[in-house]
Amino acid sequence: MTRSHPPAQPPPAPSPDATGEILPDPPAPAISALDLDRLEDVVAPARRIVAFTGAGISTESGIPDYRGPNGVWARNAVPSIDTIRTDPEAQRDHWRFRKANYPVMLARQPNDGHRALVDLERAGRLLAVITQNIDGLHQKAGNNPERVIELHGSTHRLRCMHCGTEFDGIAIQARLEAGEDDPRCEVCGGPLRSATILFGEALPEAALRKAVAVSQVCDLMLVVGSSLVVNPAARLPAIAKQHGARLVIINRTPTPLDEIADVHLVAEAGPTLRDLVNRLGASHGSAPDGDTSPGE
């Protein structure tokens, strides 16, 4: 089974300010008009774009990334399926953390990067969004949920570890706030967990198959905010290139696939994608001819 793995070395510790708060990562430098010209030249002909998004597209919505110097792994232990299954204290920590933090996640709003991908979809250019994110912001921005492939699941759903029944996150949050400290499955009484992928777990096979399928038929893969180091997801851009697609990478830091990219920009996701769709006229564009239905 294909499994995801944490980085071999932990990221450097973040720098706190005088109050002890974690400082945000500094913004990437603004890109030049020449870089935007190069980006437009590659993206403009594309009619079957697949976006591949990582944590970097959501940091501008206030959701921390994982591998950055101020990321989640710099401040917390990397969660694993073994600890959730076997460690009662880890289970209690999970529910305490979720009760306190899920409302914060619910309050987060899409940013210009998410909205730009919605514009590309409405213009008929976007075949699918493959995302490593669990925040649901693509759907919240307006992307068709049928076009969003969540490789790592969603924090907005919970799943019984015994019978597999799924529950809505808001409903479970209401139970926590009503005083339950260990919500159980209403069907079989089994323990619940977030329907997200933890280390030591395989990616969901149906989502991975669909992601590979759209990668093989797209004419452009647009990587946004992913470090491209967690496999097998990180291999999808290479699959797209092998099948003739062009590759654009927009990320705050270098990635292992920068050398095969047609355009690689060290840049913020939101402003860059917004400038791109404005140049393309996609924010007000009409759908081009051709089938842009996501593959099965």
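Guide: What follows is a short chat about this model.

Guide: This is a predicted model, where local features need pLDDT of at least 70, side-chain atom pairs count only at pLDDT 80 or more, and totals for chains, interfaces and linings use all residues. Residues are numbered from 1 along each chain as its sequence is written, and side-chain values use heavy atoms, with hydrogens and water left out.

Visitor: How many helices and strands are there in the protein chain?

Guide: The protein chain has ten helices and nine strands. Those are DSSP runs, numbered from the N terminus: helices are H or I with at least four residues, strands are E with at least two.

Visitor: What share of the residues is buried?

Guide: Of the 296 residues, 48% are buried. Buried means under 20% relative accessible area, exposed over 50%, partly exposed in between, with a 1.4 Å probe and protein chains only.

Visitor: New topic. Where is Asp258 found?

Guide: Asp258 is in the loop between β8 (246–251) and β9 (263–266).

Visitor: Which side chain of opposite charge is nearest to Asp258?

Guide: That is Arg38, 11 Å away. Lys and Arg count as positive, Asp and Glu as negative; His and the chain ends are not counted. Asp258 is buried yet has no salt bridge, meaning a side-chain nitrogen of Lys or Arg within 4 Å of a carboxyl oxygen of Asp or Glu.

Visitor: And what is Asp258 in contact with?

Guide: Beyond its neighbours within four places in sequence, Asp258 contacts Ile249 and His264. Contact means heavy atoms within 4.5 Å.

Visitor: How far apart in sequence are contacting residues?

Guide: Among contacts between residues at least 6 apart in sequence, 73% join residues at least 24 apart.
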